[in-house]
Amino acid sequence: MKRDDSDACSARWHLGRFRVDTSAPRVARFREAIELDVAGSGAAHDAVPITFPICWLTSPEITAALTGRLRDVGMSPGQLPIHLQQEIILLGPLEIDTAYWLNVTLAGPDVGLKFRVEAEVTAEDGSEVATLVVGLALVVPAGRPA
Amino acid sequence: MIARGDRLPGLSLAAISQLQVERYLAASGDGNPLHRDASIARGAGLSGTPVPGMLLMAQAARVVGAWSGCLELMSLSAHFTHPLLVGEGVEFRARVVALEAEQARAIVRVTATRQEKTVLLAEAVVRLPPP
């Protein structure tokens, strides 16, 4: 992983470029789980929900890259990430059954062991489609190794 | 005609169950044990397992989507300000806080509360139809 020290306040690491997609069955499961298809939701039944990209960030590859880097900077096995904030900016709607690239960077730590995961979503042709920003904090639940 | 100050229809969710949370965790791939294991949640100072913030954010998007119909949701940001625990209900309220005619967009603020305590504060940007 490449370290980029351009930000003097907190370090930044490029976690990788990952292939992701909006496969119709997975989108349908996600829509069902967030109860988007109930009457009166106003949503098109084949649309990709704006919060769907969070599914990409929980993929085993990205989770491994993120956890590995957090451990490198001092996260202990007992610590857990807590989701503090989330931002999703779309430059256009995400298309169903479409592959994208996700370019993921970790920045931090800031005060309170806070980190930012930033991900740029691009289409096959390289055009930018969306940006995701996740704010995390690390906590140690009592009874777990610090 | 959308105007600044317009209130959107709210959304009231009765007690969110562990089953709903499990369904969301499975669909989203979220493996954080905090949302499943009450002993870990208690160790983190909570009296029960917390509902994933992203599940609440999805409901905020649902509120905006139900109001705006076919209008395009351009962005959504959320701060998870206080944990909502499994078994607790939550109320979503939303209103238009700004109209930016030049950019043809409206800013909608969504607040999710549980007994006067804010659990989520979100802001959505919606593209307005051409005049």
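The lining of the largest cavity comprises four nonpolar, two polar and two charged residues, where Ala, Val, Leu, Ile, Met, Phe, Trp, Tyr, Cys and Pro count as nonpolar, Asp, Glu, Lys and Arg as charged, and the others, Gly among them, as polar. The model is predicted: local features need pLDDT of at least 70, side-chain atom pairs count only at pLDDT 80 or more, and totals for chains, interfaces and linings use all residues. Residues are numbered from 1 along each chain as its sequence is written, chains are lettered from A and ligands numbered from 1 in the order in which they are written, and side-chain values use heavy atoms, with hydrogens and water left out.

**Cavity and pocket**

On a 1 Å grid over the protein atoms alone, a cavity is a set of points where a 1.4 Å probe fits but cannot get out; a pocket is an open set with protein on both sides within 12 Å along at least five of seven lines, and lining residues have an atom within 4 Å of a point. Grid points are joined across faces, edges and corners, and a volume is the space filled by probe spheres set on the points.

One cavity of 30 Å³ or more is counted. Its lining includes Ala33(A) and Glu35(A), together with Leu13(B) and Arg62(B). Helix 3 (residues 53-68) of chain B gives the most to this lining, with three residues; helices (H or I, at least four residues) and strands (E, at least two) are DSSP runs, numbered from the N terminus.

| Space | Volume | Lining by class |
|---|---|---|
| Largest cavity | about 70 Å³ | four nonpolar, two polar, two charged |
| Largest pocket | about 910 Å³ | 28 nonpolar, 13 polar, two charged |

The largest pocket has 43 lining residues, and Pro81(A), Ile82(A), His83(A), Leu136(A) and Asn32(B) lie nearest its centre. Elements that give two or more residues to this lining include strand 3 and strand 6 of chain A and helix 1 (18-28) of chain B. Helix 3 of chain A supplies the largest share, six residues.

**Strand 6 of chain A**

In strand 6 (residues 128-139) of chain A, nine of the twelve residues are buried, that is, under 20% relative accessible area (1.4 Å probe, protein chains only). Strand 6 of chain A runs antiparallel to strand 3 (residues 80-90) of chain A, with ten bridges between them; two strands pair if DSSP finds at least two bridges between them. Here Glu87(A) is opposite Val133(A).

Strand 5 (residues 114-122) of chain A also pairs with strand 6 of chain A, antiparallel and over nine bridges, and Glu120(A) is opposite Thr131(A). Five residues separate strand 5 and strand 6 of chain A in a hairpin, and Gly126(A) in the turn has a positive phi of about 90°.

Methods
Buried < 20%, exposed > 50% of the residue type's maximum accessible area, 1.4 Å probe, protein only.
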